[in-house]
Amino acid sequence: MKESIKHLTNHERKHPLDSYLRKGMIPHIWCPGCGNGVILNCFLQALKELHFNLDNLVVVSGIGCMGRISGYINADAFHTTHGRAIPFALGVKLAKPELKVVVFGGDGDLLAIGANHLIQAARRNIELTVILSNNFNYGMTGGQCGPTTPLNAVTTTSPYGNVEHPFNAVYLAAGSGATYVARWTAYHVRNLVDSIKKALLKKGFSFIEVISPCPEIYGRHTKHMNAVEMMKWLKQASIIQNKIDPIKAEITQNIIVVGEFVDKEKPEYTDLIWGKIGKVERTYHKE
Amino acid sequence: MKKPDVLTGEYFVQGNFALAEGAIAAGCRFYSAYPITPASSIAERMALRMPQVGGIFIQLEDEISSLMSVIGASWAGVKAMTATSGPGLSLMVESIGLAIMTETPCVIADMMRGGPSTGQPTKPSQQDVLQVRWAAHGDYEIITLAPYSVQEMFDLTIKAFNLAEKFRVPCFILADEIIAHTREKLVIPEPEKIKTVDRKKPKVPPEEYLPFKPDEDLVPPMSCFGEGYRFYATGLTHDESGHPDMSAKTQRELTSRLCEKIRKNKKEIITVEKYFLDDAETVIIAFGTPARAAKETVKIGREKGLKVGLLRLITVWPFPEEEVAKIVSEAKLIIVPEMNQGQIIREVKAASSTAPIISFPKVGEEPPTPNEILKIIEKNTS
Ligand code: SF4
């Protein structure tokens, strides 16, 4: 088996997930060792395991390294402006509720410039799956500090140490009303695939935070670690604690509590809106 | 029995009511907005009416999300709009650029109030006329229609949707607090007499579809989410396949097409009203509320024996250069009343400079009156 793989050129090699990738967009722009590739792989794996019909999927993203993911998936996809993927996705979902709409974004996109949309969408409990790639800094623009950068961390815009306290994204999402909330790291591939599958089937707002290594920028400048060291760090720092209260889902550079924290039921926004429309329409035409 | 969605009949209503009903008649089934004076009564009407006609009304967290959800709904295949006023428009600016770049049909109504900043929420102005043209960064052309009556709030809203769909561009309805809140007669025709336009759909199978490859009219056919085309659209500069391409050639070709698809179709987009222009020596050029006063000025002036006429801009953008240039070259005096410090006059001057062009800016609250305009004419022609 090994022998035959050796003789294949790169061109001839087929990956079992190839048909899930958009033609003409690969190679992707991500740096070697970036966790975004792991997230993409897990997402496609989840689709495969669910036998998901890609014609019913819409992938929406904002700006940043993670923003490019929508281009790589062989489904209807839209690359919006910085922070605005969620309200765009909301418009799509309401207009065509039969579609599954998934939003991808980085910590800058979803927790800084677009944070208001995140909490408002969670509050409404609209059936969207939002997958956050948290790498603790702005990778694409060169390593500036952001809403998840740890206190005192040295970045290109916090050369004397960061003076801001970071968000705990799962606590924020859960507190805002999300009905499915989980956190994994790029090391937890199998758990992440399972969580994405659950999120895709959730009738409500589902939110998954993935702690993602950014070896090229955050690793190099702040943590002084390469890709392999970052993966080892994620493995060592993380503790699986399913079902704990998200307020206790600690996240520091030494301890990263991962697991599935929220999975509950609540009336869903698209259902509520279309339910009202149905009722009003019937009375209106009876009058 | 299913009631018709279009409320055919005669009404005595506010401009904002007419705008909402015009949108419904045009086929709008998605309305998203954030409360703001003087556009809120459009939202209130839509909140009531949208569910009756099987459409969606939502109020979101700000104007940014309002327009973004409109863009999303449009790509899901539904005609969609939002309405706002100055501060809300300022928040929408980046999303307007996205709609232009991704060629998203949608309608944005701007009920102008005094600015900058919070300004005069309950007073009319025309201070956004250049903003709607140039809001987003980058090169593009945009369409803007300026109703001057309650009836036109209805008629031009339908036209705005039709143009947005046909040319795949955000289309503005530019009115002001007076037109928004004035009550006048509105006649809503029978549904079959209302012409509506839908975006072109691709005629090729998904394997052959290039989402940004234009037809001869420079407009690409549009597939929507869930139709099996599996397309990708981005605010980045993109080639015909929709894929990002940072080359100078693609940037040049894309921005040229975004401009040319409007410029080449000006004849279809531009409408003006010519009022007593045949022998006019003094021409008033106006749009929206001041055009109401200007019409009166022409009537009074004519009674006094003055050769006055009005060129009313119904389409403000693309600017009716040719129409204005022709009139300006034949006139002895041009007066441009507008409810700002003098904005559209720049375009009038750019179109021609043969006759003296007098600005009549009026800012604050009251629109120009017929007699004020008349006095300027008399002063400059005697
Ligand atoms: S800069 Fe960081 S986040 Fe961006 S692609 Fe490179 S490694 Fe990934």
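Seven nonpolar, two polar and one charged residues make up the shell around the ligand. The structure described here is a predicted model. The members of this shell are W30(A), C31(A), C34(A), C65(A), N135(A), G139(A), C214(A), P215(A), E216(A) and I217(A).

Nine strands form an open sheet with mixed pairing, in the order β7(A)-β8(A)-β5(A)-β6(A)-β4(A)-β3(A)-β1(A)-β2(A)-β10(B). V130(A) has F207(A) as its bridge partner in β6(A).

Helices of chain A pack on this arrangement of strands. Helix α10 (residues 227–237) of chain A touches β5 (180–185), β6, β7 and β8 (256–263) of chain A, and its direction makes about 40° with that of β7(A). Helix α4 (residues 85–95) of chain A lies across β1 (57–61), β2 (76–79), β3 (100–106) and β4 of chain A, and runs at about 180° to β3(A).

Several loop positions were also examined. R68(A) is located in the loop between β1 and α3 (69–72) of chain A. Leaving aside neighbours within four places in sequence, R68(A) is in contact with I29(A), W30(A), H79(A) and M140(A), as well as with L236(B) and P244(B) of chain B. In the loop between α9 (215–223) and α10 of chain A, H224(A) adopts a positive phi of about 50° although it is not a glycine. In chain B, the peptide bond from G115(B) to P116(B) is cis, with omega near 0°; P116(B) belongs to the loop between β5 (106–114) and β6 (120–124) of that chain. W317(B) and P318(B) are likewise joined by a cis peptide bond, with omega of about -5°, and P318(B) is placed in the loop between β14 (315–317) and α11 (321–330) of chain B.

The largest pocket holds about 940 Å³ of space. It is lined by 31 residues, of which L21(A), R22(A), K23(A), G24(A) and N74(A) are the closest to its centre. Helix α2 (residues 35–49) of chain A contributes the largest share of this lining, four residues. By class, the lining of the largest pocket comprises 13 nonpolar, 11 polar and seven charged residues.

For the second largest pocket, the volume is about 330 Å³. Among its 17 lining residues, G97(B), L98(B), M101(B), H137(B) and G235(B) are the closest to the centre. The helices α4 (86–101) and α8 (248–263) of chain B each supply at least two lining residues, with α4(B) giving the most, five. This lining divides into seven nonpolar, eight polar and two charged residues.

One cavity of 30 Å³ or more is present in the structure. The largest cavity has a volume of about 30 Å³ and is lined by N137(A), G143(A), T155(A), T156(A), I217(A), Y218(A), H221(A) and T222(A). Two of these lining residues are nonpolar, six are polar and none is charged.

Technical notes
Residues numbered from 1 in each chain as written. Chains lettered and ligands numbered in written order. Predicted model: local features only at pLDDT ≥ 70, side-chain atom pairs only at ≥ 80, totals over all residues. Heavy atoms only, no water. Near = heavy atom within 4 Å. Nonpolar A, V, L, I, M, F, W, Y, C, P; charged D, E, K, R; others polar. Pairing = 2+ DSSP bridges. Contact = heavy atoms within 4.5 Å. Axes fitted to C-alpha atoms, helices over the stretch in contact; angles between N-to-C directions. 1 Å grid on protein atoms, 1.4 Å probe; cavity = no way out; pocket = protein on both sides within 12 Å on 5 of 7 lines; lining within 4 Å. Points joined across faces, edges and corners; volume = space filled by probe spheres on them.
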